[in-house]
Amino acid sequence: LGTLGAGNHYGEVQVVDEIYDEHAAHKMGIDRKGQVCLMIHCGSRGLGHQVATDALVSMEKAMKRDQIEVNDRQLACARINSQEGQDYLKGMAAAANFAWVNRSCMTFCARQAFAKVFQSTPDDLDMHVIYDVSHNIAKIEEHMVNGRPMQLCVHRKGATRAFPPHHPLIPVDYQLTGQPVLIGGTMGTCSYVLTGTEQGMEETFGTTCHGAGRALSRSKSRRSLDFQEVLDALAAQGISIRVASPKLVMEEAPESYKNVTDVVETCHMAGISKKAIKLRPIAVIKG
C-alpha cells in the first residue's frame, strides 16, 4: 500500500494554468492561476488486472454454457446473478477498495512531505482532496433507458464517471456544478479537471474520457524515442522528473499520447463534460 506502480501511473505536482469555469473551480477550492495542486493517478497495483484475467477464463466457460456470443474475447462476460458474475463483482470490489486505500496512503504521504518542506501543516497548506474517482470499474447505477429508469451495471474502461449537477450520488459541495472529472494528460503537456453534464447523463450513461489515450504502443515508443532526448525536452519546459526505469520515460513520453487538449475539447464540444480547469506539470514522479 502507498506505492505508485509503473505504467501510466504518476504523482504530479502541477500549477493552475487556466480557469474556464470560475464557479466550479471555486467550489473545488481553486481560485487563482498559479495555484499549486497535486494529482495522483494510481490504482490497485495489479490486483484489479489479476481479477480481470482470472475472470476472463471462468467467463469464457460460462459463455459456452449460457450460449452468449461476443465479437471479441476481451468482452467475455457472464450473467450478473451467475456464480461467475458474482465472483467477478466481489473480486473487483476488493481490488477497488485496495485502490482507494492505496491512493489514500499516498495522499497522506504527499501531505506529510509538503508539510515537512514548508514547515507547516497540511491543513494550513489547504491540502484537501478535490475528488477521488475510479476508472476501469463496474458500478451498479440507475439510468433512463427508453424513457424509464433501469438498474444497470455500467463498465467504464479507459473512461471515467461524469455525473451531472443535482445527481444524488455526488457530494453536496458539487451539487450545483456537477461531479469533478479528472483528465490526466502527459508529463510534458497538461491535465484537466472537467465537470459532468446532464447531456452526458443522457447520451453516455454519465461517462467521459479519463485521459489523452495512447497514440503509439509502448513497444513502438521504446523503438522510436530516445531516453535522454525525452528528459532534455522536459527539462527545457521546466519539468523535473523522477522515474524508476529509463524504459518508462520512452513509453510515457508526450509523443506517445494523443493531444490531450484536442481530446478534452472534443468532450467539451460534444457536451458530455465541461471544461473547468487546466493544470500544467512542474514535477513528475513515475514508479
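**Exercise 1. Strand pairing around β9**

Which residue stands opposite Ile-241 in β9?

*Solution.* Ile-241 stands opposite Val-284 in β9. Before going further, note that this is a predicted model, in which local features need pLDDT of at least 70 and side-chain atom pairs count only at pLDDT 80 or more, while totals for chains, interfaces and linings use all residues. Residues are numbered from 1 along each chain as its sequence is written, and side-chain values use heavy atoms, with hydrogens and water left out.

Step 2 takes the partners of β9 in turn. Strand β8 (residues 240–243) runs parallel to β9 and is joined to it by four bridges. Strand β1 pairs with β9 (residues 273–286) in the antiparallel sense over nine bridges, and here Tyr-10 has Lys-286 as its bridge partner in β9. Strand β6 (residues 191–196) is also antiparallel to β9, with six bridges, and Tyr-192 stands opposite Lys-278 in β9.

**Exercise 2. A residue within β9**

Describe the surroundings of Arg-280, using its location, its accessibility and its contacts.

*Solution.* Step 1: Arg-280 is located in strand β9. Step 2: its relative accessible area is 37%, so Arg-280 is partly exposed, given that buried means under 20%, exposed means over 50% and partly exposed lies in between (1.4 Å probe, protein chains only). Step 3: a contact requires heavy atoms within 4.5 Å, and, leaving aside residues up to four places away in sequence, Arg-280 touches Val-13, Gln-14, Val-15, Asp-17 and Thr-189. Step 4: Arg-280 and Met-250, 30 residues apart in sequence, are 20 Å apart in space, C-alpha to C-alpha.

**Exercise 3. Two annotated histidines**

Step 1: His-9 is found in the segment before β1 (10–19), whereas His-210 is in the loop between β7 (207–209) and α5 (218–224). His-210 is buried, because its relative accessible area is 17%.

Step 2: not counting residues up to four places away in sequence, His-9 touches Leu-4, His-41, Cys-42, Gly-43, Ile-285, Lys-286 and Gly-287. With the same exclusion, the contacts of His-210 include His-41, His-135, Gly-158 and Thr-160.

**Exercise 4. Cysteine sulfurs**

How many disulfides does a search of the whole structure find? Explain the result for Cys-209 and Cys-267.

*Solution.* Step 1: the search finds zero disulfides, a disulfide being a pair of cysteine sulfur atoms within 2.5 Å. Step 2: Cys-209 is in no disulfide, and its nearest cysteine sulfur, that of Cys-267, is 3.7 Å away. Step 3: Cys-209 counts as buried at 14% relative accessibility, and Cys-267 is buried at 8%.

**Exercise 5. Positive phi angles**

Where do Arg-45 and Gln-67 lie, and what are their phi values?

*Solution.* Step 1: Arg-45 lies in the loop between β2 (36–41) and α2 (47–66), and its phi is positive, about 55 degrees, although it is not a glycine. Step 2: Gln-67 is in the loop between α2 and α3 (83–118), where its phi is near 55 degrees, again a positive value in a residue other than glycine. Step 3: Arg-45 is partly exposed, with a relative accessible area of 40%, whereas Gln-67 is exposed at 72%.

**Exercise 6. Overall dimensions**

Why does the radius of gyration agree with that of a compact globule?

*Solution.* Step 1: the radius of gyration is taken over C-alpha atoms, and the globule rule is 2.2 Å times the number of residues to the power 0.38. Step 2: for 287 residues a compact globule would have a value near 19 Å, and the protein has 20 Å, which agrees. Step 3: the C-alpha trace spans about 60 × 45 × 35 Å along its principal axes, and 44% of the 287 residues count as buried.

Note on methods. Pairing = 2+ DSSP bridges.
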